[in-house]
Amino acid sequence: MDDVKPAKTASPAISPLAGEPIKRADAEKLAGVLKAFADPARLRLLSLIQSAPNGEASVSDLTAPLGLSQPTVSHHLRILTEAGLLERDKRGVWAYYRLVPTAIAAIADLLTPPRKRPTKKTR
């Protein structure tokens, strides 16, 4: 993978639902990631990429299903990539995007109250 970009926005280590106040810097990080989620086109992009045959898609794969122009789709993909939710892999003239499962899981975990989180079974 030639051009995988690291996430620029890392999620905070503590949940706002953990029972203790979240630090301002952590709140700002989490708000940035949630802002990236909070757009219907971006939610659809995440869904389309996740459901793609190889779990990845290029801008050209995504414009028609979204009904948006290439520059608009590229803009949304950039926001999701900068939030750490997608990885970008450049191959020749095409860039392919795929979800970062650990980032998605971390956000879900942060937004799940501790008493509602599934417990891990030990053997």
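Okay, a definition to start: two strands pair if DSSP finds at least two bridges between them, and strands here are DSSP E runs of at least two residues, while helices are H or I runs of at least four, numbered from the N terminus. What you see is a predicted model, where local features need pLDDT of at least 70, side-chain atom pairs count only at pLDDT 80 or more, and totals for chains, interfaces and linings use all residues. Residues are numbered from 1 along each chain as its sequence is written, and side-chain values use heavy atoms, with hydrogens and water left out.

We've got 3 strands in an open sheet, order 1-3-2, with antiparallel pairing. Strand 1 and strand 2 sit at the edges with a single partner strand each, so one side of each has no neighbour in the sheet. On average, neighbouring strands are turned by 30° against each other, direction ignored; axes are lines fitted to C-alpha atoms, for helices over the stretch in contact, and angles run from 0 to 180 degrees between N-to-C directions.

Strand 1, residues 56-58, joins strand 3 over 3 bridges. Which residue of strand 3 is the bridge partner of serine 58? That's tyrosine 96.

Now the helices. Helix 2 packs on the sheet and touches strand 1, strand 2 and strand 3, where contact means heavy atoms within 4.5 Å. Helix 4 packs on the sheet too, touching strand 2 and strand 3, with its direction at about 120° to that of strand 2.
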